[in-house]
Amino acid sequence: MAASPAYALIATDLDGTLLRADDTLSDRSLTALARAAASGARHLVVTGRPAPRVRPLLDDLGSTGLAVCGQGAQVYDAGANRLLWSVTLDRELADTALGKIEAEVGQVYAAVDQDGVDGLTLIEPGYLMPHPTLPAVRVGRRDDLWCEPISKVLLRHPYLSDDELAVTARSVVGSLATVTMSGPGTVELQPCGITKATGLALAAEHLGLGPEMTIAFGDMPNDIPMFDWAAHGVAMANAHPELRAVADEVTLSNEDDGIAVVLERLFPEA
């Protein structure tokens, strides 16, 4: 019989956290997650990536359970390939928010993640994907971004830093959307009030688990709500200073198997 786990739920971000820079999972990380699972713990991916961009990674993990995608806007059932829950960003509000941001900082370049298990990532002229391995479809003009329901908007600026763009966006967007910063070159607009904690709480409830049973791993400011919700938040060594400031613990970087280091301590071999 498996021993009672130190934590019953392990919530991990992907980019900059569980994944290495080349979008791969190390054998050590996979082994550590398998050991935790053998002890009775559940692993839940909590990522900004939309469900279609997460599916191949869940296959690598051998996961047929739930995943929180789209910055908390989607709870995805990998086994059934369906969304148990999703919230879309109103496209008129998104366009208005972009206009307010551009009135302050000049032209930005935008992309959107469409809603649904087969939704596309659309990018307007001038937008460069921060993750070149992720598939995207280039459209001819901004209006084409709004052709189907979307879960979020991704923004890039020609010269402002992510921090500068995020601060300005928050100051002008107000209740039109939630502004997050999820990685290098990635400032995002998502439905107002939606965060990683929103999706994590829903998925955990579905599993019959709560925050007091959860350990969370992340690397960017968009992981702060998840850390606030979980009992224990672990920032990677490569994490943004804002996340490190609120973390309960800092581990090694994603390249140095920081998650595995913590899980090996919490779930020792029998």
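N81 is partly exposed, with a relative accessible area of 33%; the class lies between buried, under 20%, and exposed, over 50% (1.4 Å probe, protein chains only). The model is predicted, with local features needing pLDDT of at least 70 and side-chain atom pairs pLDDT 80 or more, while totals for chains, interfaces and linings use all residues. Residues are numbered from 1 along each chain as its sequence is written, and side-chain values use heavy atoms, leaving out hydrogens and water. Helices (H or I, at least four residues) and strands (E, at least two) are DSSP runs numbered from the N terminus.

**Positive phi in loops**

- N81 is not a glycine, yet its phi is positive, at about 50°.
- The loop that holds N81 runs between β4 (74-77) and β5 (82-86).
- D23, also a residue other than glycine, has a positive phi near 70°.
- D23 sits in the loop between α1 and α2 and is buried, with a relative accessible area of 18%.

**V45 in strand β2**

- Strand β2 (residues 42-46) contains V45, which is buried at a relative accessible area of 2%.
- Beyond its neighbours within four places in sequence, V45 is in contact with T12, L14, V54, L58, L61, A67 and V68; contact means heavy atoms within 4.5 Å.
- From V45 to N238 the C-alpha to C-alpha distance is 19 Å, and the two are 193 residues apart in sequence.

**Helix α9 and its packing on α2**

- Helix α9 (residues 258-266) has G258, I259, A260, V262, L263 and L266 buried.
- These buried residues pack against β1 (9-12), α1 (14-18), α2 (27-38), β12 (214-218), β13 (232-235) and β14 (249-250).
- The α2 and α9 axes cross at roughly 30° and come within 9 Å; axes are lines fitted to C-alpha atoms, for helices over the stretch in contact, with angles from 0 to 180 degrees between N-to-C directions.
- α2 is therefore roughly parallel to α9, on a scale where under 35 degrees is roughly parallel, over 145 roughly antiparallel, 65 to 115 roughly perpendicular and the rest oblique.
- The α2 and α9 crossing is left-handed, a term for a near helix turned anticlockwise from the far one by less than a right angle, with right-handed for clockwise.
- On the α2 side R28, S29, A32, L33 and R35 meet A260, V261, L263 and E264 of α9.
- This contact of α2 with α9 has five nonpolar, one polar and three charged residues; Ala, Val, Leu, Ile, Met, Phe, Trp, Tyr, Cys and Pro count as nonpolar, Asp, Glu, Lys and Arg as charged, and the others, Gly among them, as polar.

**Nonpolar cores**

- A nonpolar core is a set of buried Ala, Val, Leu, Ile, Met, Phe, Trp, Tyr and Cys residues joined through side-chain atoms within 4.5 Å.
- The largest core has 30 residues, of which I10, L58, Y76, I215, F217, L263 and F267 touch the most other members.
- Two or more residues each come from α1, α2, α3 (51-61), β3 (66-69), β12 and α9, and α9 gives the most, with five.
- L263 touches I10, A32, L33 and F217, residues up to four places away in sequence not counted.
- Another core, of 25 residues, lies apart from the largest one and includes V108, V153, V173 and V179.

**Helices α4 and α5**

- Helix α4 (residues 91-105) packs with helix α5 (residues 162-173) at an angle of about 120°, their axes 9 Å apart.
- That angle makes α4 oblique to α5, and the crossing is right-handed.
- A97, K100, I101, E104 and V105 of α4 make the contact with L165, T168, A169, V172 and V173 of α5.
- By class, the residues of this contact are seven nonpolar, one polar and two charged.
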